[in-house]
There are 2 protein chains.
Amino acid sequence: MDDGRDRMPARRDVRRELMSAAISLSLTTGFDETTVDEIARAAGVARRTFFRHFRTKEDAIFPDHDECLERVVAFLDAASPLRPPLLVIAEAAGIVLDMYVEDPDTAVKRYELTRRVPALREREIAATSRYQRAFTRYLGGRSDEATGDGAAGEAAPAGAKEPPVGPEVGPGVGGEAARLRHEVAAAAVVAAHNHVLRSWLRGGGRGDPRARLTSAMDEVTRALQPWADGRDASGDAHSDEVVVLVTTRRAPLWKIAEEIRNATGEPPS
Amino acid sequence: MDDGRDRMPARRDVRRELMSAAISLSLTTGFDETTVDEIARAAGVARRTFFRHFRTKEDAIFPDHDECLERVVAFLDAASPLRPPLLVIAEAAGIVLDMYVEDPDTAVKRYELTRRVPALREREIAATSRYQRAFTRYLGGRSDEATGDGAAGEAAPAGAKEPPVGPEVGPGVGGEAARLRHEVAAAAVVAAHNHVLRSWLRGGGRGDPRARLTSAMDEVTRALQPWADGRDASGDAHSDEVVVLVTTRRAPLWKIAEEIRNATGEPPS
DNA sequence: CCCGAAGTGTGCACTTAGTGCCTTATCGTA
DNA sequence: TACGATAAGGCACTAAGTGCACACTTCGGG
């Protein structure tokens, strides 16, 4: 659009301009047909600058997933080990949903794009699989290895050898069988989240899908109840942590609750 | 390796040679560091020939997923509507596992690659998500749209308008709630499959993981039982199909079973 | 007031994935 | 032996992504 003026104000948020340029151009012209040159020119910057902000062209469409994943991981790390794990990851899924709800217009546009551009679809699937992996990890299993998306370094730490696969600790005490449950539970929560999200997006991003998410999560939790019930007996996340609280008999309940919250690392917000 | 000779025998299976060249070169040199030129030269063909066989460099690493997905879809299409749907998709997952088990060495090499090359990991995640979508579709919901991976043509057929989202057929008769269950069930089955598969791959691809798959599927099915129980009352896959079988009172049970199998289009194999 | 340091934007050259178009070789078949 | 189909090769081209050097702005400190 406008070529060279207004370079003084709003010097920040070149990212944002690049993102919206990428989305709108891709919506009109098609993603593959839109070159990085055109996107950069539309945002009023040079081609090289585009690649300073985004590693690939696909990244420009989903600039928020990285930060959102960090928020989710932080939330999981800070969650109290006393709370039911399924509930915690359900709430974590809510964080992801919130990211979409924050900007419904962009979310719907992105959805339109992902529906017809295979490369973007794969990109988004990969993003959701990272959330799923974070959930699995939180539930106690390291699903296969690295934390993040694996910057290609990170060889498996020698010496930390997997226990022999055959004779497990016991039949369902917390080894192989527990991991299976963790992965399935994480997948179920992610699937429920995706269902609610896509249903909302198909509807044009109107209304608030948060209620639908919680009800979907309720249903999933109910189905996975038998597994969750066995979690205290089997090896669960944080099962080796102990909380010791010293207080006085005169302390009110809310004070005790607060102490527990502090001790278990829940965020003070 | 050998440069120009032996162009007469084994003229077929250039694909196979390209694939193994791509895998072994990527394992030694690294995937990103290996150029298509090198792969083609190692397989004794020209660069252009590589792209005749594979659309992208990543495709050369996973040449079987397309065909396997077709087999899975064919299996699902041919499955008798009288059988429990969860069992059917569990068996379909077995087809996928079989593909890996067929060639354990290659499978383990591929796993090694996917562990350290993000691009390949995304590729495989996308592949499994296609299976998941096929499962969801079979269970009755079309999760969001197209059948295959969408060759970028395929605009939404005008006129086939979605029914209004708000007033569904009824509260849980087979609309929104049923779709949620379908997606979660598909995700759970895929997660269980992936768990067994990765566990087997981590163990070096030794032994037969089929038994572990069925036991994992048993567990998943057990957890999803309450959902599956309601399937007859709600709108299930094939619920609008009717099978009429005329036979004689003297017919043995196995004969009747065979007739049903034929009538419902199960493969005769 | 001047001077580095750090961050951000630019230009340029380069590698490589992927495509389109046309030519060539090979093979089965009439 | 000729012919048509299919696989392969050659060649030129577009565009993504990278490395490098350079310019400009903004601080903060002497």
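## Contact between chains A and B

In this predicted model, the contact between the two protein chains draws 35 residues from chain A and 36 residues from chain B. On the side of chain A that touches chain B, the elements that give two or more residues are α6 (104-116), α7 (118-139), α8 (176-202), α9 (210-223) and α10 (225-229) of chain A. Helix α8(A) provides the largest share of this side, with 13 residues. By class, the residues that chain A brings to the contact comprise 18 nonpolar, five polar and 12 charged.

## Relation between the two copies

Chain A is superposed on chain B by a rotation of 180° with 0.0 Å of shift along its axis, and the RMSD is 0.1 Å. The two chains are therefore related as by a two-fold axis. Both copies use the same surface for the contact: 97% of the contact residues of chain A recur in chain B.

## Surface near DNA strand C

Around DNA strand C there are 15 residues, of which A:Val14, A:Val45, A:Ala46, A:Thr49 and B:Thr56 come nearest. Two or more residues of this surface come from each of α3 (47-53) of chain A and α2 (36-43) and α3 (47-53) of chain B. The largest share, three residues, belongs to α3(A).

## Surface near DNA strand D

DNA strand D is surrounded by 14 residues, and the closest are A:Thr56, B:Val14, B:Val45, B:Ala46 and B:Thr49. At least two residues of this surface are supplied by each of α2 and α3 of chain A and α3 of chain B. Here α3(B) gives the most, with three residues.

The surface near DNA strand D is made up of six charged, five nonpolar and three polar residues.

## Fold and domains of chain A

Chain A contains 11 helices and zero strands. Of its 269 residues, 31% are buried. Among contacts in chain A between residues at least 6 apart in sequence, 72% join residues at least 24 apart.

The chain is divided into domain 1 (14-60) and domain 2, which consists of residues 64-143 together with 173-269. Where these domains of chain A meet, domain 1 contributes five residues and domain 2 contributes nine. The side of domain 1 that touches domain 2 in chain A has three nonpolar residues, one polar residue and one charged residue.

## Confidence in the model

The mean pLDDT of chain A is 79, and 67% of the residues score at least 70. Among the elements of chain A, helix α2 (residues 36-43) has the highest mean pLDDT, 98, whereas helix α11 (residues 253-263) has the lowest, 56. Over residues 143-173 of chain A the pLDDT is below 50, and this stretch has 24 contacts in the model beyond near neighbours in sequence.

A further stretch, residues 265-269 of chain A, also stays under 50 in pLDDT, and the model has six contacts for it beyond four places in sequence. Where pLDDT is low, the predicted coordinates should not be read in detail.

Conventions:
Residues numbered from 1 in each chain as written. Chains lettered and ligands numbered in written order. Predicted model: local features only at pLDDT ≥ 70, side-chain atom pairs only at ≥ 80, totals over all residues. pLDDT = per-residue confidence, 0-100. Helix = DSSP H or I, 4+ residues; strand = E, 2+ residues; numbered from the N terminus. Contact = placed C-beta atoms within 7 Å. Near = placed C-beta within 6 Å. Nonpolar A, V, L, I, M, F, W, Y, C, P; charged D, E, K, R; others polar. Least-squares fit on C-alpha atoms with pLDDT ≥ 70 in both. Buried ≥ 20, exposed ≤ 12 C-beta atoms within 10 Å, placed from the backbone. Domains from an automatic or database assignment.
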